[in-house]
Amino acid sequence: MEHLQWRIPAMILLASFAAYLYVKEPSKVPRDDCSLLPDHHYWIKSKRIVTPDGIICGAVGVKGKFITSVVTENDWRGASKGEQVIDYGEAVVMPGLVDVHAHLDDPGRADWEGFPSGTKAAAAGGITTLIDMPLNSDPSTTSTETLELKIKAAEKNIYVDVGFWGGLVPGNAFNSSTLEALLEAGVLGLKSFMCPSGIDDFPMTNADHIKEGLSVLAKYRRPLLVHAELQLDSGSHLDLNTEDARSYSTYLKTRPPAWEEAAIRELLTVTKDTRIGGSAEGAHLHIVHLSDASSSLDLIKEAKVNGDSLSVETCPHYLAFTAEEIQDGDTRFKCAPPIRDAPNREKLWEALMDGHIDMLSSDHSPTVPELKLLGEGNFLRAWGGISGLQFVLPVTWSYGKKYGVTLEQLALWWSERPAKIAGLKLKGAIASGNLADIVVWDPSAEFDLSDEYPVYIKHPSISAYMGKRLAGKVFATFVGGNLVYKEGKHAPTACGVQILAKR
């Protein structure tokens, strides 16, 4: 049984604005260039198709961009003349992943990642939709003008569908007309930091800014995503001249769980406004990349019970790694909030399995190798962020098998719920009438993330996942009916569409 913790009216509101989404199509491109499969009408067969009603043995009919039918093997009458049938046998056919938290850094910092490499990596990992964060591009997306730069940068450069979050910062928080203009221009919601982001034009917000943001978002029924860490004086006692900066434990001391708890406690002073009858009813607050599975999570659970329109995600790196295993100087693992100890990881898995954590995201946060200080290994000075967009499906599966993770849960965490929070009504499930966004993969196929493995993120050397052995190889990825990736090969042309919101 699904344990979704959002109150039902909030779910309806979040899903309802999807009816007003529109897509910015690329210039007309011949289908043969957009897809490795030229057919316009075809069937996908498998003995394991993950649908909202469970796993079936059957077939999925696709015509153009859309799924036209989902039938069991007993009900399928075969293909009509001229229709191709792609039989994937025992491979899993699942809704394409929707990653609501990725930094592609375009425009301005495309040397960190960029739309072409980032969306190629997404396609190779079964991700069919990315929602791009308003930072670390340069400039950050905090106005209609900067959103337009983002839209232009993505034009003809995306292999999967891409939407955009806007930024809530002190400079626009109290200017409702600026925020409304940004929302009218098409961002799917807003994002803010409660601690320094590391980016000069994306300063941190406090509860007053967030309260104002929620009041505007309520009119549009769109979410606010928050990086929930609040700087406390803990860590100030460290003598950073004598502490070993190459030791991960030193970095861990500088961002204790109390930072997350303090931020969430402050957030809950304003999320009560999102309750039914509250001044911000219609808005929704989403806490990104939760790391602390103790006091912070307890606060979130209590707020949900009280009726706050609130959800929370965590990321595969918090579920895969532990602080104890991070070697001295291996700054590939530096991120914020930090990766915590093994008991905390167990609690995160327990919360995810029990439905208290609602969904997963990559928080793909790349940079250039020199900023990671891989040679120096200084955790206190290195740029933070885990780079792993292409690997999130096999990582979740590989590390989740011991906890009994099911294919249906993967679809829930990576497709259905993320699509809902982003307002993507026609995505997130293999169902008739939905867009044909589909990933085909083999849960039993193991592979080593070595230098020989085809990796499409711009800087594989900075990924904490390199060197790992994983299970769950992606065979094919369909986006809007186009076969955009197949066993190491991408479609010739980037034909992903930009998703913009419209009132």
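Q: Before anything else, what is pLDDT?
A: pLDDT is the predictor's confidence in each residue, on a scale from 0 to 100. You need it here because this is a predicted model.

Q: OK, and what does the protein average?
A: The average pLDDT is 93, and 92% of the residues score at least 70.

Q: Where does pLDDT stay under 50?
A: Over residues 1–20. The model still has 58 contacts beyond four places in sequence for that stretch.

Q: Let's talk sheets. In what order do the 6 strands of the open sheet come?
A: The order is β10-β11-β12-β13-β14-β15, with parallel pairing. At the edges sit β10 (166–167) and β15 (359–360), each pairing on one side only.

Q: How many bridges are there between β14 and β15?
A: There are 2, in the parallel sense, and β14 covers residues 310–314.

Q: Which strands does helix α7 touch?
A: Helix α7 (residues 207–220) packs on the sheet and touches β11 (190–193), β12 (223–227) and β13 (284–287). The direction of α7 makes about 155° with that of β12.

Q: And what about α10?
A: Helix α10, residues 295–305, packs on the sheet too, touching β13 and β14. Its direction makes about 150° with that of β14.

Q: New topic: which residues of α6 are buried?
A: In α6 (residues 176–184), they are Leu179, Leu182 and Leu183. Looking down the axis of α6, the buried residues fall within an arc of 100°, so they line one face of the helix.

Q: Why would residues three or four places apart point the same way?
A: Because an α-helix has 3.6 residues a turn.

Q: What do the buried residues of α6 pack against?
A: Quite a list: α4 (144–154), β10, α5 (170–173), β11, α7 and β20 (498–501).

Q: Which residue with a positive phi follows α6?
A: Gly186, with a phi near 125°.

Q: Back to strands. How do β2 and β6 run, parallel or antiparallel?
A: Parallel, with 2 bridges joining β2 (residues 41–51) to β6 (residues 92–95). Arg48 has Val92 in β6 as its bridge partner.

Q: And β6 with β16, parallel or antiparallel?
A: Antiparallel, through 4 bridges, where β16 is residues 438–448. Pro95 has its bridge partner, Ile438, in β16.

Q: Which residues have the most contacts inside the largest nonpolar core?
A: Met94 and Trp441, in a core of 107 residues. Helix α7 gives the most to this core, with 7 residues.

Q: So what is Met94 in contact with, neighbours within four places aside?
A: Its contacts include Val50, Leu393, Leu407, Leu410 and Ala411. Also among them are Ile430, Asp437, Ile438, Val439 and Trp441.

Q: How many residues are in the second, separate core?
A: It has 19 residues, including Val60, Val62, Ile67 and Leu483.

Q: Last one: where is Tyr399 found?
A: In helix α14, which is residues 392–400.

Q: Why does Tyr399 count as partly exposed?
A: Because its relative accessibility is 22%, and partly exposed means between the buried cut-off, under 20%, and the exposed one, over 50%.

Q: How many residues apart in sequence are Tyr399 and Trp349?
A: They are 50 residues apart in sequence and 9.8 Å apart in space, C-alpha to C-alpha.

How values were computed:
Residues are numbered from 1 along each chain as its sequence is written. This is a predicted model: local features need pLDDT of at least 70, side-chain atom pairs count only at pLDDT 80 or more; totals for chains, interfaces and linings use all residues. Side-chain values use heavy atoms; hydrogens and water are left out. Contact means heavy atoms within 4.5 Å. Two strands pair if DSSP finds at least two bridges between them. Axes are lines fitted to C-alpha atoms, for helices over the stretch in contact, and angles run from 0 to 180 degrees between N-to-C directions. Buried means under 20% relative accessible area, exposed over 50%, partly exposed in between (1.4 Å probe, protein chains only). The arc is that of the directions from the helix axis to the C-beta atoms. A nonpolar core is a set of buried Ala, Val, Leu, Ile, Met, Phe, Trp, Tyr and Cys residues joined through side-chain atoms within 4.5 Å.
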